Amino acid sequence: MTDTPAPKHLCSSSFSGILSLNKCFRAEKGVYQGMKKGVYAATKKDGTQYYRSSITFKSKHISLGSFPTETEAARAYEMAGTLLYSPSYSLDSYITHNPGNKAALPFKKWVTLVNFRDNGIYIKTPIYLRRNFFQYYFSPHDYYIFDIDDLFYYSNHSIMRRGGHLCVSDYGMQVNILSRYGIKNYGVAGRDFLFVNGNQRDFRYENIQIINRYHGVFRKVHKGKTVYEARIHLNGEFIVGRYATETEAAIAYNKAASALIRKGYDKNFPVNFLEELSGEEYKRHFRQLKISSKILSLEEFDEPRRS
């Protein structure tokens with residue numbers, strides 16, 4: 001449906017007080033029909049009518065979404081106006097003003113509007129700016145903390161929860177946000193990295209301490225000493241060996257993977273890349289490091305065998 005603007009003397013664009021639900025008339029086929037303020041009728045391809053709602057604040061035109069009824073669209077407009085013009089409404093107010101899951105606006109839009117009101121920056125993802133950091137919200141008491149340096153990225157990438165991990169869609173692929181810290185995609189808190197202050201929702205860079213940077217390498221205490229244990233998975237987990245440094249353990253893992261591939265085990269073993277070593281240094285470590293005799297004594301196959 002093409003929207004036809006109503007005569008100016010019949011339609012007021014001002015927001016009187018907190019809210020004014022004055023009738024705004026629209027022309028359609030020569031007949032003016034009553035339409036609630038901030039609500040616009042539209043038609044789907046199959047002919048079904050629905051209603052859009054939007055509001056303008058600080059010269060910014062903000063879409064509030066699509067709704068099946070004019071009443072729901074009007075409620076969204078009313079709630080948006082209340083948020084934008086009433087500083088007493090906070091993020092926590094969402095719970096008290098939306099009992100029984102009958103919210104006029106989704107919480108993500110609530111965050112966007114309150115942040116725009118308080119900080120003057122419109123961000124389409126549910127981000128609320130603080131001094132030197134920001135919070136990314138899922139619900140009033142469910143949020144994650146990030147450095148302000150990541151604001152541009154998360155302003156354009158929505159965070160999703162997938163199997164206990166936090167992911168974003170990047171170029172059509174689901175990417176674990178841990179990769180932004182140099183942590184393995186399947187990294188586990190407490191094993192591969194630590195939250196320095198103990199808050200597992202605080203993803204500021206200063207709060208992330210990486211323990212295990214490489215595939216198959218785990219730092220542990222063995223007989224009172226810190227060692228780096230290399231393990232490889234093949235119908236169960238094999239200990240490749242224990243080493244003094246994580247670099248040696250990472251190379252030992254690569255050596256074990258190479259040995260298994262030569263024996264005919266058809267498995268996509270991840271490879272550790274050690275950019276700090278020259279080609280000659282890597283080769284020397286690869287030749288000298290010992291790996292478990294159990295791996296070296298495994299049966300060989302003429303044809304590749306999946307494990």
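This is a predicted model: local features need pLDDT of at least 70, side-chain atom pairs count only at pLDDT 80 or more; totals for chains, interfaces and linings use all residues.
Let me start with arginine 117, which forms a salt bridge with aspartate 118, the closest N and O atoms being 2.7 Å apart; by salt bridge I mean a side-chain nitrogen of Lys or Arg within 4 Å of a carboxyl oxygen of Asp or Glu. Arginine 117 is buried, with a relative accessible area of 11%, whereas aspartate 118, at 36%, counts as partly exposed. The terms here are buried for under 20% relative accessible area, exposed for over 50%, and partly exposed in between, with a 1.4 Å probe and protein chains only.

Residues are numbered from 1 along each chain as its sequence is written, and side-chain values use heavy atoms, with hydrogens and water left out.

Arginine 117 is one of the buried residues of α3, a list that also includes Phe107, Trp110, Leu113 and Phe116. Helices (H or I, at least four residues) and strands (E, at least two) are DSSP runs, numbered from the N terminus. Of the 13 residues of α3, 10 are buried, and the helix is mostly covered. Its end C-alpha atoms are 18 Å apart, which agrees with the 18 Å that its 13 residues should span at 1.5 Å a residue, the expected span being 1.5 Å times one less than the number of residues. What do the buried residues of α3 pack against? They pack against β4, β5, α1, α2 (93–96), β6 (127–130) and β7 (133–139), where contact means heavy atoms within 4.5 Å. After α3 comes glycine 120, with a positive phi near 75°.

If we set aside neighbours within four places in sequence, leucine 113 is in contact with Ile62, Leu64, Ala80, Leu83, Leu84 and Leu105.

Another helix to look at is α5 (residues 246–262), whose 17 residues reach 24 Å from first C-alpha to last, close to the 24 Å expected at 1.5 Å a residue. Because 13 of those 17 residues are buried, α5 is largely enclosed by the rest of the structure. Just after α5, glycine 264 takes a positive phi of about 100°.

Now to glutamate 229, which is found in strand β15 (residues 225–233). Is glutamate 229 buried or exposed? At 2% relative accessibility, glutamate 229 counts as buried. Its side chain meets that of arginine 242 in a salt bridge at 2.8 Å, N to O, and this pair links distant parts of the chain, with glutamate 229 in strand β15 and arginine 242 in strand β16 (residues 237–243), 13 residues apart. Arginine 242 is partly exposed, at 39% relative accessibility. Lysine 220 also forms a salt bridge with glutamate 229, the closest N and O atoms being 3.5 Å apart, and lysine 220 is partly exposed, with a relative accessible area of 29%. A network of salt bridges links Lys220, Glu229, Arg231, Glu237 and Arg242. Beyond neighbours within four places in sequence, the contacts of glutamate 229 include Gly216, Val217, Phe218 and Ile239.

The structure holds 12 salt bridges. Among contacts between residues at least 6 apart in sequence, 43% join residues at least 24 apart. The accessible surface comes to about 17,900 Å², of which 50% belongs to carbon and sulfur atoms, by the Shrake-Rupley method with a 1.4 Å probe.
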